[in-house]
Amino acid sequence: MSLIVLIGGQAVGKMTVGRELEKMIDAKLLYNHQTIDLFANFLGYNTYSFALSDKTRKELFKAFIANKGNNLTDSIIFTVLIGFDEPDNVTFLRDISNIFLSADEKVYFIELVADLEERLSRNVHEDRLAAKPSKRDIEFSTKELLDTMENHRLESHDGELKELFPDVQSMKIDNTSLSPCEVSELIVKEFHLV
């Protein structure tokens, strides 16, 4: 049983890689907008929605650990955007990894990075727009992508994940020119997930 966390900026390909990885291993995908959009549909995209989303994710992970042996899947693949310059984001990663680590279960962090041109192209991909209603306003989502990139550090420094999370196996993949299948195969091979 494990938690596999795909980390990266908007439109880097987290959800798409997660869907491909889901086909290769005994795991189910929870992409970040599944919980955010649930609350945003009622409250809008604000601090209330994000706080409820984070709480829901943590409670799901705790229940997954408590229900070991009865879950419908062996692992959870979870996608999230992390601002490495924001202590709350790093604390969130620590909190969710500790849920699994404290139960002697494995946690893997896979950081995806891609160049801006590729991310802007992926930002308008039909699968992304179908899965994430908030991204359908292309002008807004493009501005959000650019603003977030300008105002936050969305990529870890070399060795930073290992330093911050010594008990978590981690890797960084530049997936600018890689297919989701190729990225997933790299992950499976690196962490011996099959």
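Modeller: Angles under 35 degrees count as roughly parallel, over 145 as roughly antiparallel, 65 to 115 as roughly perpendicular and the rest as oblique. This is a predicted model, in which local features need pLDDT of at least 70 and side-chain atom pairs pLDDT 80 or more, while totals for chains, interfaces and linings use all residues. Residues are numbered from 1 along each chain, and side-chain values use heavy atoms, without hydrogens and water.

Biologist: How are helix 3 and helix 4 oriented to each other?

Modeller: The axes of helix 3 (residues 47–66) and helix 4 (residues 87–101) come within 9 Å and cross at roughly 15 degrees. The two helices are therefore roughly parallel.

Biologist: Which residue classes make up the contact of helix 3 with helix 4?

Modeller: With contact meaning heavy atoms within 4.5 Å, helix 3 contributes D54, R57, K58, F61, K62, F64 and I65, and helix 4 contributes F92, D95, I96, I99 and F100. Ala, Val, Leu, Ile, Met, Phe, Trp, Tyr, Cys and Pro count as nonpolar, Asp, Glu, Lys and Arg as charged, and the others, Gly among them, as polar. The contact residues divide into seven nonpolar, no polar and five charged.

Biologist: Which element gives the largest share of the lining of the largest pocket?

Modeller: The lining has 17 nonpolar, 15 polar and ten charged residues. Of its 42 residues, Q10, N32, H33, I36 and L81 are the closest to the pocket centre. Elements that give two or more residues include helix 1 (14–24) and helix 2 (32–43). The largest share, five residues, comes from helix 3.

How values were computed
Axes fitted to C-alpha atoms, helices over the stretch in contact; angles between N-to-C directions. Helix = DSSP H or I, 4+ residues; strand = E, 2+ residues; numbered from the N terminus. 1 Å grid on protein atoms, 1.4 Å probe; cavity = no way out; pocket = protein on both sides within 12 Å on 5 of 7 lines; lining within 4 Å.
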